[in-house]
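Visitor: Hello! I am new to protein structures and would like to learn how to read one. Could we go through it together?

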Amino acid sequence: MKFPGSVLVSLLLFAAETVTALCLSGAYRAAGDRMWQWLTLLFALLPCALVQLSLVFVHRDVSRDRPLVLLLHLLQLGPLVRCVEVFYIYFRAGRVEEPYVSITKKRQMPKDGYSEEIEKEVGQAEGKLCTHRSAFSRASVIQAFLGSAPQLTLQLYICVLQQEITAARSIFMVLSLLSIVYGALRCNILAIKIKYDDYDVSVKPAAYLCIFMWRSFEIATRVTVLVLFSSVLQIWTLPVVLLNFFGFFFYPWILFWQSKSPFPENIEKALSRVGTTIVLCLLTFLYAGINMFCWSAVQVKLNDPDLINKSQNWYRLTVYYMLRFIENAFLLLMWYIYKTDIYLYICAPLLVLQLLIGYCMAVLFMLVFYQFCHPCKKLFSSSISEGLLSCFKFLCFICKPPKSTVLTNKAEVKCENTDEAWSSSKTIDSQKGNAHQSVSSNA
């Protein structure tokens, strides 16, 4: 039985970030910065409430008679209670004989074109631990992109405006960045396990390292670009953020309406149609929050029973990173044009170059992960290099004018040249005739 290290890491990041946010909020209150105080509290308490809701929903605590657990969740102590429960199950496993076990069948990764199916006994303790790991993974993603990402953006924005980085603020920003990167990492692992649920997936340390570097560069550059742009063009910050957010929020719903599929009813039997709609809206809300800062490894598909698109779409990945790079470059250009005196002692061209190179480094680590370190790369119908090559060919084909149009234009030009030659020859013949007549008359 695996040690529940992911649960412990999730709890430590959650507790450290919440406590630091409360301390920093108190510091803002003492300094008289009421607006920064309330925004810091908002970005700390809102994800806390959503994390409690996620843990209660996964464990179905509402339908079970557990009033003490529900009370502790209301007191925002749900992750702590769940972590204690996880380690209680882990250390008691094997001491008491379990009444029954379940049999799971998993397929190994293909070797030489063949894949063996392996049966494995899963006891009650291991099944409960698996449920807890899954719940904490989802809670980490919620905490990262609905709390830590806005919090990191806010604190970096305050540092830029005040031109000062305090010790408490720097510690808080480091914790927030770690929380976001860890949430993105868990999102990647969740996507792999959901897409390849039939296989025994084992993620190697090299894959974890690639994902960590990829997400670190991507998120750090994205947050810095947003902060720089918002520090000089505050009026245009809200339209940029809302356009990004609502674009990703409505995208799964548009695809769902285009597919003309029936409304999903099998998410949770205890939920009514209204409850199902609320859950789907929260899911797309989280999906939009993730894509605001980085590529979402989990693609929402509302007409699928699992609500996840399990196909590997290289086109969507390519288009996302191309558009995001163009957007970051445009926002940096606007910052460079309208930068104020607070950036007087900063080499602006060098900073722009560093941020663009940082984003390119994120793309490079992503390519390395999908090409060499992905645990299920043998199951890909095409590699990342082949997929990107076909994407670029497709984009070049779109940019080229149609062949028929080119031939038509050539034909039109040829006809025009023929008409001009014909008219010029007629003019010459008429001139010759007039000259002949004039000579005859003179004679």
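Guide: Gladly. Let us begin with a term: a residue is buried under 20% relative accessible area, exposed over 50%, and partly exposed in between, using a 1.4 Å probe and protein chains only. This is a predicted model, where local features need pLDDT of at least 70 and side-chain atom pairs count only at pLDDT 80 or more, while totals for chains, interfaces and linings use all residues. Residues are numbered from 1 along each chain as its sequence is written, and side-chain values use heavy atoms, leaving out hydrogens and water.

Visitor: Is cysteine 130 buried, partly exposed or exposed?

Guide: Cysteine 130 has 48% relative accessibility, so it counts as partly exposed.

Visitor: Which helix holds cysteine 130?

Guide: Helices are DSSP runs of H or I with at least four residues, strands are runs of E with at least two, and both are numbered from the N terminus. Cysteine 130 lies in helix α5, and serine 137 is in helix α5 too. Serine 137 counts as buried because its relative accessibility is 5%.

Visitor: What does serine 137 contact beyond its neighbours in sequence?

Guide: Contact means heavy atoms within 4.5 Å. Setting aside neighbours within four places in sequence, serine 137 is in contact with Arg186 and Leu190. Across the chain, of the contacts with a separation of 6 or more, 74% are between residues 24 or more positions apart.

Visitor: How many residues are in the largest nonpolar core?

Guide: A nonpolar core is a set of buried Ala, Val, Leu, Ile, Met, Phe, Trp, Tyr and Cys residues joined through side-chain atoms within 4.5 Å. The largest one here has 93 residues, and Phe145, Trp214 and Phe369 are among those with the most contacts inside it. Helix α5 (residues 124-162) gives the most to this core, with 14 residues. The core lies between domain 1 (1-106 + 118-201) and domain 2 (205-398), because both give residues to it; the domain bounds come from an automatic or database domain assignment.

Visitor: Which residues does phenylalanine 369 touch?

Guide: Not counting residues up to four places away in sequence, phenylalanine 369 touches Ile192, Ala207, Cys210, Ile211, Trp214, His374 and Pro375. There is also a second, separate core of nine residues, including Leu11 and Val86.

Visitor: Where does the record place the transmembrane regions?

Guide: UniProt positions are given in the numbering used here, feature names are shortened, and annotations may be inferred rather than shown by experiment. In an unreviewed entry, the UniProt annotation "transmembrane region" covers residues 37-58, 167-185, 235-256, 277-298, 318-338 and 350-372. In the model, residues 167-185 are 100% helix and 0% strand, with end C-alpha atoms 27 Å apart. Residues 235-256 are likewise 100% helix and 0% strand, and their end C-alpha atoms are 34 Å apart.
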